[in-house]
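These are my notebook entries on how the copies in one assembly meet one another. I set down each item as I looked it up.

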Number of protein chains: 4
Amino acid sequence: MANSVNDVRYELALASRMLANEGVLDAFGHVSLRHPGDPQKFLLPRSRSPQLVEPDDVLEFTLDAEPVRTPSVRLFAERVIHGCIYQARPDVMAVCHHHAPAVLPFCIAGVPIVPVFHLGAAAGETVPFWDQQDEFGDTNLLVVKPEEGRSLARALGAHAAVLMRHHGATVVGHDLRELVSRSIFMCQNAVYQLQAQMLGKVVPLSPGETRLAGAINAMPNVVGRTWEYWSCRLAEAGRMPPRRGKAKSRAPLSKPAKGKAVSRQRTRS
Amino acid sequence: MANSVNDVRYELALASRMLANEGVLDAFGHVSLRHPGDPQKFLLPRSRSPQLVEPDDVLEFTLDAEPVRTPSVRLFAERVIHGCIYQARPDVMAVCHHHAPAVLPFCIAGVPIVPVFHLGAAAGETVPFWDQQDEFGDTNLLVVKPEEGRSLARALGAHAAVLMRHHGATVVGHDLRELVSRSIFMCQNAVYQLQAQMLGKVVPLSPGETRLAGAINAMPNVVGRTWEYWSCRLAEAGRMPPRRGKAKSRAPLSKPAKGKAVSRQRTRS
Amino acid sequence: MANSVNDVRYELALASRMLANEGVLDAFGHVSLRHPGDPQKFLLPRSRSPQLVEPDDVLEFTLDAEPVRTPSVRLFAERVIHGCIYQARPDVMAVCHHHAPAVLPFCIAGVPIVPVFHLGAAAGETVPFWDQQDEFGDTNLLVVKPEEGRSLARALGAHAAVLMRHHGATVVGHDLRELVSRSIFMCQNAVYQLQAQMLGKVVPLSPGETRLAGAINAMPNVVGRTWEYWSCRLAEAGRMPPRRGKAKSRAPLSKPAKGKAVSRQRTRS
Amino acid sequence: MANSVNDVRYELALASRMLANEGVLDAFGHVSLRHPGDPQKFLLPRSRSPQLVEPDDVLEFTLDAEPVRTPSVRLFAERVIHGCIYQARPDVMAVCHHHAPAVLPFCIAGVPIVPVFHLGAAAGETVPFWDQQDEFGDTNLLVVKPEEGRSLARALGAHAAVLMRHHGATVVGHDLRELVSRSIFMCQNAVYQLQAQMLGKVVPLSPGETRLAGAINAMPNVVGRTWEYWSCRLAEAGRMPPRRGKAKSRAPLSKPAKGKAVSRQRTRS
């Protein structure tokens, strides 16, 4: 049981670092996971760049984005992004908020990202656009108030991702690996879409192609291959997360984790 | 003789890793080789990212893309790409299917890649365009059915490469080294073509220049130089394939390989 | 006290290397700090590429850009950039002059950089444009005469940065960390602005958003996170500055440094 | 004296690797030096990718591009580029031929490279354009015949560089360090010019600015700084050339080198 809890923290640190290593996250951005043993809680690292997150940095939050234990460390200001989406979307098990260079030009020009290659279909036919200005006027563009988080979650709706005007994107997944591959493929799609537009006309996949190709990144064949690849690249860069020390464990999860979602993933590849 | 067999597997792993290291392949894509001792078979790794392929991962397939031995590992879904091309093109000894970032914008915009610099002539005057949608309607864009593979091979025709709408490209060669250099030069050509178009007007090589310059990458002078360079870069990145362990050899080739095509290459540089 | 002096030199070398490691500086460019113990002096390395600067390279200058001690090493030709800005702007504690690839296209096309994402607001609503040609006619474009430095400082005015036609940019900060983050975010902003323009229309932040978001990079939450991240990336690249040897100290600061600005920063994160 | 000869070979290997490390050269391209002891000869490596060139690879050629000693190794096909330029331009001491990604778009679109930032002035006000097709019709675009080399040298004229349609560029220098910095700055200039054009209008330096700024990269201040920087980057990448073994010296220069041009450079920094 203790292993499962450690596994969950480790997997979240691994996913954070992987997304940083693949250029989705940089100094900023964060990845969370719904608590595997309690759907009314979620797990999110303390305020730290995602490439540096360690299993011990992972803390537990209620769905209104309050820490379960009084923290001795700084927290991300934008925790409500995660909490409000977990509230609105019971099917979502993992959330990533990022400012990837690939999507920023779309966030600035207000141009929709559409699926332009088979793997890009992972983000779905439509990625809605959310402009904080519409509902809240001038802000610092950070999503920190509960009502801002709820507004973003409404814009996301039943989609796989939402673009945030002048800011970045938020992506969701049914598990951590779907989240990781969807985030990466959506960024690749954005890069190709921009270049295709410079070259000529962007012709997106048809709705039928998008639906069919959108399932590719859930094929066991593919999940295993990409996870091994991104892991090896992370190891090659010397950026694997440290294993959690048994002695110095700081903040055990409030309930013994069933470890279902994540440990199932681990054996899948 | 045993060395020749090992050489073939090793060279295929080397080429896979080299193409990954040069940015043609990423988590996806695959390289195959017609069986050097039996033209009715081909060699292809098990489902694994090309940068990670080891000699032991290389399996044997019939030209209808069925594994010669019942595999205990996952296989690439798109094996028919290789099988159908080896059936249709007796001159082809090596095939690479990839989703290189360099070609994707062309696959999306539907703009033809034309030879724009001397080394880019390696892909020939015309790179045909194949749109799976034309013949098969909505699919997930993977080429998995024999009829899809045959359709792609027909589109390739006698050419050196074919672009696949919303998907990537497939490149062929008369030997592994021609395949590698052609794949790399075609990607460089695509990058320069896109940038030249942003700068002004793209003027391609004349047909005569294309024919003459297309032979450059077969000059012994050039083959030796590029193979040494890409090998050194791979070694510098710490990504050379492991040598195949004698003890734990898993799936010996069905016939003793003559090792002609590949071992001749090795001594050529 | 001696530690504070060493700290200041070390922090300046660290900031130089960090900005080089993040792509703002290359063979050229320089970072200075107002002398923490004497506002009528500033600290600037000897002529050396910023990635290579060591604490021992840091020299002391008067605000008219003359070295306090006769130097035995070469000096940067453009010292007046720093001196004239420290004279004109008592609030400025740190200055960076650079030729970042991200800003050069704007310096050439004469297109203003405007804030297009929340972190880009760090450079303010307006980045003025200075063309040396206007006041001085044909020059080699280096800013070496006092009157050239004063002209540039006038163009900067009360802003956070100034673009220099056909040359680069100069950025200022109230402390070294603000300078570093502002320089990096401004470059990211420039990259995204260029790509957004290629994609469609660039819509900048509103003045209110710019004012509010401009304060993000001073949030303790953010300062600590970015400084840790950029430091770790520098360490990962093996580029941390050497600690200053006690024995071979070459040019001690003329007055015992109070070490206020910088040592406060150090404990902030 | 022997040291001087070794120095010359070493410096040439160093410059080749430096230009490869900075992205000017790749698998292809070559750098030569006029023989420091005999202006009727030049030094050029055997056919090998420039990043891999070792001092022992450097051979001696007459100005009609014939090897002084019968070689046991393969030679570059395009040696006449060097020989014909040394014949036509007594002031030229060093030549680099390359296919840098930065210049290829200009070679394809037929758009002139013009100086757009102060360091870019190193390539002069005009970079002429040579199209092999004009005089020789369809070729493989390699410059291998003496008449092709002479035609290219005529197009170069008294300029610092010449663009070659569909092929690359050839750059010349009065010494090796001028050649290296000019080649690098010209590539940076090309990248910025392309992006400036995408952003708006390209405004080049005035003729007066170009003349004045063109001298910057000969300032001792600058030569020392860039040479240290590019050397350190090469060392950091683990790509420094090996020192020439005394025992296994293969092809001593035909005359004891005076070692003037190059050894003077060495002490300059």
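**Entry 1**

I looked up the area buried between chain B and chain A and found about 3100 Å², of which carbon and sulfur atoms give 62%. Buried area is the accessible area (1.4 Å probe) that two parts lose on being put together, summed over both. I noted which three residues of chain B supply more than any other three: F28(B), I108(B) and H166(B) give 20% of the area that chain B buries against chain A.

I recorded that this is a predicted model, in which local features need pLDDT of at least 70 and side-chain atom pairs count only at pLDDT 80 or more, while totals for chains, interfaces and linings use all residues. Residues are numbered from 1 along each chain as its sequence is written, chains are lettered from A and ligands numbered from 1 in the order in which they are written, and side-chain values use heavy atoms, with hydrogens and water left out.

I then looked up the residues that take part: 34 come from chain B and 35 from chain A. Contact here means heavy atoms within 4.5 Å.

**Entry 2**

I found 2 salt bridges across the interface of chain B and chain A. A salt bridge is a side-chain nitrogen of Lys or Arg within 4 Å of a carboxyl oxygen of Asp or Glu. R239(B) forms a salt bridge with E236(A), and their closest N and O atoms are 2.6 Å apart.

I also noted 11 residue pairs in polar contact between chain B and chain A, both residues being at pLDDT 80 or more. A polar contact is a pair of N or O atoms within 3.5 Å; within protein, one must be able to donate a hydrogen and the other to accept it, and residues adjacent in sequence count only if both atoms are side-chain atoms.

Which elements give two or more residues to the side of chain B that touches chain A? I found α3 (104-109) and α6 (176-199) of chain B. Helices (H or I, at least four residues) and strands (E, at least two) are DSSP runs, numbered from the N terminus. The most comes from α3(B), with 5 residues. By class, I listed 18 nonpolar, 10 polar and 6 charged residues on the side of chain B that touches chain A. Ala, Val, Leu, Ile, Met, Phe, Trp, Tyr, Cys and Pro count as nonpolar, Asp, Glu, Lys and Arg as charged, and the others, Gly among them, as polar.

**Entry 3: the contact of chain C with chain A**

I looked up the contact of chain C with chain A and found 35 residues from chain C and 34 from chain A. The buried area is about 3100 Å², with 62% from carbon and sulfur atoms. L199(C), R225(C) and Y229(C) supply 24% of the area that chain C buries against chain A, more than any other three residues.

I counted 2 salt bridges between chain C and chain A. In one of them the side chains of R48(A) and E228(C) meet at 2.7 Å, N to O. The elements that give two or more residues to this side of chain C are α6 (176-199), α7 (207-213) and α8 (220-236). I noted that α8(C) gives the most, with 10 residues. The residues of this side divide into 20 nonpolar, 8 polar and 7 charged.

**Entry 4: the symmetry**

I looked up how chain C is laid on chain A: a turn of 90° and a shift of 0.0 Å along the axis give an RMSD of 0.0 Å. That is the relation of a four-fold axis. Copies are superposed by least squares on the C-alpha atoms of residues with pLDDT of at least 70 in both. M198(C) comes closest to the rotation axis of the residues of chain C, at 5.0 Å (C-alpha).

Why do chain C and chain A meet through different surfaces? Only 3% of the interface residues of chain C are also interface residues in chain A, so the copies meet through different surfaces.

**Entry 5: inside the chains**

I noted that chain A has 9 helices and 7 strands. Helix α2 (residues 79-88) of chain A is mostly covered, with 8 of its 10 residues buried.

Last, I looked up V222(B), which lies in helix α8 (residues 220-236) of chain B. V222(B) is buried, with a relative accessible area of 5%. Not counting residues up to four places away in sequence, V222(B) touches I216(B), N217(B) and F28(D).

Conventions:
Buried means under 20% relative accessible area, exposed over 50%, partly exposed in between (1.4 Å probe, protein chains only).
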